[in-house]
Amino acid sequence: MIREGAERYLLLTVVSFVVAVVGTRWYLQATGYPQVGGGELHVAHMLWGGLLLVIAALLPLVVAAPRALTASAVLAGAGTGLFIDEVGKFITASNDYFYPLAAPLIYGLFLLLVLLFVILRRRPRSEPAVTRPATVSRWEEAHLPRRRYRRILVALLAIFGLTWLASLVIFVALDPAVIRDLIDTAVNVPGDKVERPDDPFFYGLEAVLLGISGLVLLWAAVALGRARERRGITLATIGLVVALTAGAIVSLYVEQVSAITSTVLHGALLFGVIHYRNRFLAGGEPADVPATGAAEPTG
């Protein structure tokens, strides 16, 4: 039997996992990868992750309170994130934290957690993982009506789509070695130790996957711009899912830390698309009407 509120607890785990991994990678890159300890001693953040996992396991066993489950979910996600962030050291004989395959493996675990969350959300009589506060609903009604929200989505989808199509054109036009040098120049920071693959195949695969995603996002922008809402939202979801699965895995292999930012932005845009669908299209009200047709609800 599934525990009541399982969706909420799993969502907390996923969010804390993302915050731990992304925060750690960004912090280490910004500070030049410092070591905690001195001489031969190095206290890896994997150990702090293990400590959080132990606390997360003990809390619901010792404390009989709903808040214990909430705290356990947060600590489990953060602990798993800190632990798995050092997976590169576990799969290489040289204990290489910067091994290119490490970031895709971490992201693969994240996708599995998201898949589990989606399965729980789709089961009969599942509970909402998040309840939208009334103040947020009132603000949206006043400042983010349907037409304005749609225009914002159209602009963002067009920007992302053109960006990824441009990356495909650049890859076709330039030599793969030049592409690798451009990525190094654009995303490296002083003291960056990140390793990137030499094989041009992966750079081409990244460009093709994101280019396909960009083409679909542009198609979605055109559909939404013409008030073909259901078609546009479906296309936007498909394009962003491609970018966030196959595209992100290859990007993280090629670019590692620098690909996190684009992945987070893709995730935020997908959230916006899903929120639009749930807010305006989930109730079965008419949609997909030409922009020049009858008056459209604005709130």
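Colleague: Which residues lie nearest the centre of the largest pocket?

Modeller: Val114, Phe117, Leu270, Phe271 and Ile274, out of a lining of 45 residues. A pocket here is an open set of 1 Å grid points, over the protein atoms alone, where a 1.4 Å probe fits, with protein on both sides within 12 Å along at least five of seven lines; lining residues have an atom within 4 Å of a point. This is a predicted model: local features need pLDDT of at least 70, side-chain atom pairs count only at pLDDT 80 or more, and totals for linings use all residues. Numbering runs from 1 along each chain as its sequence is written.

Colleague: Which element gives the largest share of that lining?

Modeller: H11, with 13 residues. Helices are DSSP runs of H or I, at least four residues, numbered from the N terminus.

Colleague: How do the lining residues divide by type?

Modeller: 31 nonpolar, seven polar and seven charged. Asp, Glu, Lys and Arg count as charged, and Gly is put with the polar ones.

Colleague: What follows H1?

Modeller: Gly32, with a positive phi near 80°.

Colleague: What does Thr13 touch?

Modeller: Ala73, Ala76 and Gly77, leaving out residues up to four places away in sequence; contact means heavy atoms within 4.5 Å.

Notes
Heavy atoms only, no water. Helix = DSSP H or I, 4+ residues; strand = E, 2+ residues; numbered from the N terminus.
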